[in-house]
Amino acid sequence: MPACLARTISVPGDNATIQDAINAANAGDTITVASGTYDEFVIFNKSGVTLSGIGLPVITGGIEVQADHATIVGFRLTGDNGIWADEGSDYLNVTGCSINGPDSGIYLDTCDNPTIAGNDISNFGDAGIDLEYCTNGVV
């Protein structure tokens, strides 16, 4: 989608849930999520979309990334899951997040060119950041 047609989609203003906003998004769109607690498991499956938290909103179910050029900025993730992505989620950018839970905070498998910066990751049994078979990453 050309940048001139990019939209800003707000949660809960335009969509009640983060997942509904992702489902409605197109490449180039930015989803802004207001402060609050969102009890959902998010499947981020739209390439070229930015998911941006305002006031460090809490996601209790985790985020699974299934898209290229996805950006996640400014969230607190609690519970069993943090952020993870499997093969085909290249150029993932995770910045300014606070992740706290029992498994891996950020887990990427076969993702090229990820950027993981400025995050607070704590209290994990496996690993805070686990990059398996990733190339050209910036951490």
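Leu131 has a relative accessibility of 33%, so Leu131 counts as partly exposed (buried means under 20% relative accessible area, exposed over 50%, and partly exposed in between, with a 1.4 Å probe and protein chains only). Before going further, please note that this is a predicted model, in which local features need pLDDT of at least 70 and side-chain atom pairs count only at pLDDT 80 or more, while totals for chains, interfaces and linings use all residues. Residues are numbered from 1 along each chain as its sequence is written, and side-chain values use heavy atoms, with hydrogens and water left out.

Leu131 sits in strand S16, residues 129-132. Helices (H or I, at least four residues) and strands (E, at least two) are DSSP runs, numbered from the N terminus. Together with Ile129 and Val139, Leu131 forms a nonpolar surface patch with about 240 Å² of accessible area. Such patches are made of residues with over 30% relative accessible area and no salt bridge, with like charges joined within 9 Å and nonpolar side chains (Val, Leu, Ile, Met, Phe, Trp, Tyr) within 5 Å; the areas come from the Shrake-Rupley method with a 1.4 Å probe, and for residues only the protein chains shown count as cover.

And the salt bridge just mentioned? A salt bridge is a side-chain nitrogen of Lys or Arg within 4 Å of a carboxyl oxygen of Asp or Glu, and the structure holds one. Its partners are the side chains of Arg7 and Asp29, at 2.9 Å from N to O. Arg7 lies in the segment before S1 and Asp29 in the loop between H1 and S2, so the pair, 22 residues apart, links distant parts of the chain. Arg7 is partly exposed at 36% relative accessible area, whereas Asp29 is buried at 0%.

Now for the inside. Leaving out residues up to four places away in sequence, Ile31 touches, among others, Ile9, Val11, Ala21 and Leu51, where contact means heavy atoms within 4.5 Å.
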